[in-house]
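Please read these points with the sequence and the model open.

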Amino acid sequence: MTAGRAGQDSATPGGLSTVRNAARLLKVFRSREADLGVTELARRLGLGKSTVHRMLTTLVAEGLIEQDPRTGGYRLGIVMFELGEAVRVHLDLHAAVGQVLGELRAQTGESSQVGVLDGHEVVYVDRLESAHSLRLFTETGRRVPVHCTSSGKVLLAYLPEARRHAVLRAAPLTALTPHTITDPEQLAAELARVRRRGWAEAINEREIGLASIAAPVRDINGEVIAAISIGVPLARCTVMSLRRLAPTIMEAAEAASRRLGWSPELSLPMRARKEG
């Protein structure tokens with residue numbers, strides 16, 4: 001074994017041990033005490049105070065832990081709250097869309113899925129495959145580009161303008177087919193069209209012979225947090241037939257949104273107050 005290889009092997013357990021101890025440290029705060037000092041944390045973890053202090057310094061820098069300037073004690077940071085909220089939203093989303101996806105597949109006979117935005121990609125977090133012999137195979141957890149999928153267009157279209165521009169600056173508008181929209185102005189016009197009609201389509205944009213149509217899923221505050229869509233092979237479905245399913249997709253998206261607490265009746269007065 002070479003010296004370099006030996007160094008790699010000896011370093012790996014130490015690295016894993018550090019991560020494990022950091023995870024144990026974070027779990028201590030599940031006790032919900034106001035804050036905890038280095039000495040108490042070291043006692044509970046069975047580690048040296050210098051080791052605990054080094055971990056705390058790193059976690060504070062990452063926003064996972066924060067220090068009370070008055071007492072010197074430590075507590076969970078705002079980033080942990082944000083992570084917890086993200087987990088809650090995904091759990092709520094999964095519960096809300098499960099039955100809706102089943103009904104959508106039954107109505108359309110096509111593969112149905114729910115996607116969320118992660119950076120400049122769409123991640124499918126839930127999916128039901130079509131019963132047809134000729135169908136799409138896109139596994140749950142699959143990442144796809146945001147600019148050439150119907151779900152991505154929906155998620156982009158309803159982002160606040162500043163965030164939408166930030167996502168598009170980071171996204172490589174790669175031409176995956178001759179039909180992929182890569183011009184920023186053309187894409188902006190497409191997203192405006194999505195907002196006007198309430199649904200998006202992608203025809204031969206990610207892969208020749210594939211098409212999809214999507215609509216927005218909203219949370220209790222009316223924010224678009226996901227897109228529900230169906231995907232079809234064009235060998236079995238024409239573009240016009242797919243577009244006729246737009247109202248069905250929008251109804252499914254509204255049903256999922258209502259399960260998350262959103263009400264279009266209540267959102268209209270709220271929108272009017274914001275615009276006023």
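1. Glu 205, burial. With a relative accessibility of 8%, Glu 205 counts as buried (under 20% relative accessible area; over 50% is exposed and in between is partly exposed, with a 1.4 Å probe and protein chains only). Glu 205 sits in the loop between strand 6 (200–203) and strand 7. Helices (H or I, at least four residues) and strands (E, at least two) are DSSP runs numbered from the N terminus.

2. Basis of the values. This is a predicted model, in which local features need pLDDT of at least 70 and side-chain atom pairs count only at pLDDT 80 or more, while totals for chains, interfaces and linings use all residues. Residues are numbered from 1 along each chain as its sequence is written, and side-chain values use heavy atoms, with hydrogens and water left out.

3. Glu 205, surroundings. Which side chain is joined to that of Glu 205 by a polar contact of 2.7 Å? The partner is Lys 153. A polar contact is a pair of N or O atoms within 3.5 Å; within protein, one must be able to donate a hydrogen and the other to accept it, and residues adjacent in sequence count only if both atoms are side-chain atoms. Apart from neighbours within four places in sequence, Glu 205 is in contact (heavy atoms within 4.5 Å) with residues including His 147, Cys 148, His 179 and Leu 176. Leu 176 is 29 residues from Glu 205 along the chain, and their C-alpha atoms are separated by 6.9 Å.

4. Ser 150. This residue belongs to helix 5 (residues 150–157). Ser 150 is buried, at a relative accessible area of 1%. A polar atom of the Ser 150 side chain lies 3.5 Å from the backbone nitrogen of Ile 213. Beyond four places in sequence, the contacts of Ser 150 include Ala 200, Glu 201, Ser 212 and Ser 229.

5. Nonpolar cores. The largest nonpolar core has 27 residues, and Leu 93, Val 114, Ile 213 and Ile 228 are among those with the most contacts inside it. Such a core is a set of buried Ala, Val, Leu, Ile, Met, Phe, Trp, Tyr and Cys residues joined through side-chain atoms within 4.5 Å. Two or more residues each come from helix 4 (78–108), strand 3 (111–118), strand 7 (210–218), strand 8 (224–233) and helix 9 (246–259). Helix 4 contributes the most, with six residues. A second, separate core of 20 residues includes Tyr 124, Val 144, Val 194 and Ala 227.

6. Ile 228. Not counting residues up to four places away in sequence, Ile 228 touches, among others, Val 100, Leu 104, Val 114, Ile 213 and Ile 249.

7. Gly 222. This glycine is in the loop between strand 7 and strand 8 and counts as buried, at 17% relative accessibility. Gly 222 and Ser 263 are 41 residues apart in sequence, with 7.9 Å between their C-alpha atoms.

8. Rings. Arg 197 lies over the face of Trp 199, at 3.8 Å from the ring centre; Arg 218 lies over the face of Tyr 158, at 5.2 Å. The criterion is NZ of Lys or CZ of Arg within 6 Å of the ring centre and within 35 degrees of the ring normal.

9. Overall figures. The protein has 10 helices and eight strands. Buried residues make up 40% of its 276 residues. Of the contacts with a separation of 6 or more, 56% are between residues 24 or more positions apart.
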